[in-house]
Amino acid sequence: MHLIHLKIAPLLSKITYEPTEFSVEAGHNLAKIFESIPALEHLSWNNYNCQVDDAGPAEIIPTRLPSALNSLKRLYLSWITLGEFFEFSFALCLIRSSPYIEEIEIEGCVDVDGEYYEPVPRDAVDEIPASFSDMTFYHLRTVKIKSLAGADAEMQLIKVLLAKSPMLARMVIEPYELEESLKAEITKFQRASSKAEIVYSVD
């Protein structure tokens with residue numbers, strides 16, 4: 001497996017990364033990917049060609065990176081299986097590590113059979129609000145989540161982002177399947193921003 005390895009790139013501000021494997025080794029080296037790019041402003045991470053069968057336990061993914069991504073403004077994650085504990089933990093780690101984030105876009109990948117390698121356990125879902133308890137996203141203005149399946153972990157993430165983003169202007173939700181009950185539940189979530197618009201879009 002080959003990961004990004006940059007000895008030092010203090011001016012690099014935009015990265016598009018498409019790993020070919022996402023495994024235990026990737027988790028152990030996650031901090032090294034970002035430690036030499038302090039000026040990173042735009043990160044696009046695409047798991048389309050990634051093998052995740054041997055991802056291993058999500059516990060190896062840190063709650064946050066050792067050094068915050070203080071310059072990161074835009075985070076785009078695509079082909080992330082949010083029902084998979086390892087990948088969901090990875091997404092949460094990057095979001096928690098980005099205190100000045102302005103835009104988040106997640107394009108999920110849904111397993112229609114629900115046969116995940118390691119599903120997100122109930123206790124991990126319940127711990128999501130506490131893991132964001134010391135954070136407020138004062139700069140976050142736009143969130144877009146595509147292929148939402150409506151799993152508890154996904155809904156908890158949406159709930160946290162709405163409750164912790166006082167400057168949020170727009171959240172776009174594109175569900176995997178049309179379900180009015182899902183829309184009704186999201187609409188009831190508390191919002192820190194009185195101007196936050198939730199757009200429930202179905203192609």
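Colleague: To begin, where is the place of Ser147?
Modeller: Ser147 is in strand E5, residues 142-148. Helices (H or I, at least four residues) and strands (E, at least two) are DSSP runs, numbered from the N terminus. Please note that this is a predicted model, in which local features need pLDDT of at least 70, side-chain atom pairs count only at pLDDT 80 or more, and totals for chains, interfaces and linings use all residues. Residues are numbered from 1 along each chain as its sequence is written, and side-chain values use heavy atoms, with hydrogens and water left out.

Colleague: What is phi of Ser147 near?
Modeller: Phi is near 60° there, a positive value in a residue other than glycine. Ser147 has a relative accessible area of 25% and is therefore partly exposed. Buried means under 20% relative accessible area, exposed means over 50%, and partly exposed lies in between (1.4 Å probe, protein chains only).

Colleague: And which strand holds Trp79?
Modeller: Trp79 is in strand E3, residues 74-80. Trp79 is not a glycine, yet its phi is positive, at about 60°. With a relative accessible area of 36%, Trp79 is partly exposed.

Colleague: Moving on to the loops, where does Leu82 lie?
Modeller: Leu82 lies in the loop between E3 and H3.

Colleague: Why does Leu82 count as buried?
Modeller: Leu82 counts as buried because its relative accessibility is 5%. Leaving aside neighbours within four places in sequence, Leu82 is in contact (heavy atoms within 4.5 Å) with Phe88, Ala91, Ile106, Cys109, Val120 and Glu154. The C-alpha atoms of Leu82 and Gly150 are separated by 10.0 Å, and these residues are 68 apart along the chain.

Colleague: What about Ala149: which loop is the place of that residue?
Modeller: Ala149 is in the loop between E5 and H6. Its relative accessibility is 41%, so Ala149 counts as partly exposed. Beyond its neighbours within four places in sequence, Ala149 is in contact with Val110 and Glu154. Ala149 and Leu82 are 67 residues apart along the chain, with 8.7 Å between their C-alpha atoms.

Colleague: Now the helices. How is a packed pair described in general?
Modeller: Two packed helices are described by the angle between their axes and the distance between the axes.

Colleague: At what angle do H3 and H6 cross, then?
Modeller: The axes of H3 (residues 85-96) and H6 cross at roughly 10° and come within 12 Å. That makes H3 roughly parallel to H6. Axes are lines fitted to C-alpha atoms, for helices over the stretch in contact, and angles run from 0 to 180 degrees between N-to-C directions. Angles under 35 degrees count as roughly parallel, over 145 as roughly antiparallel, 65 to 115 as roughly perpendicular and the rest as oblique.

Colleague: Which residues meet there?
Modeller: Phe88, Leu92 and Ile95 of H3 meet Ala153, Glu154, Leu157 and Leu161 of H6. By class, the residues of the contact of H3 with H6 are six nonpolar, no polar and one charged. Ala, Val, Leu, Ile, Met, Phe, Trp, Tyr, Cys and Pro count as nonpolar, Asp, Glu, Lys and Arg as charged, and the others, Gly among them, as polar.

Colleague: And how do H6 and H7 cross?
Modeller: The axes of H6 (residues 152-163) and H7 (residues 180-187) cross at roughly 30° and come within 10 Å. That makes H6 roughly parallel to H7. The crossing of H6 and H7 is right-handed. A crossing is left-handed if the near helix is turned anticlockwise from the far one by less than a right angle, and right-handed if clockwise.

Colleague: Which residues make that contact?
Modeller: H6 contributes Met155, Ile158 and Leu162, and H7 contributes Leu182, Glu185 and Ile186. The contact of H6 with H7 has five nonpolar residues, no polar ones and one charged.

Colleague: Finally, how many helices and strands does the chain have?
Modeller: The chain has seven helices and seven strands, in the pattern β-α-α-β-β-α-β-α-α-β-α-β-α-β along the sequence. Of its 203 residues, 46% count as buried. Among contacts with a separation of 6 or more, 87% are between residues 24 or more positions apart.
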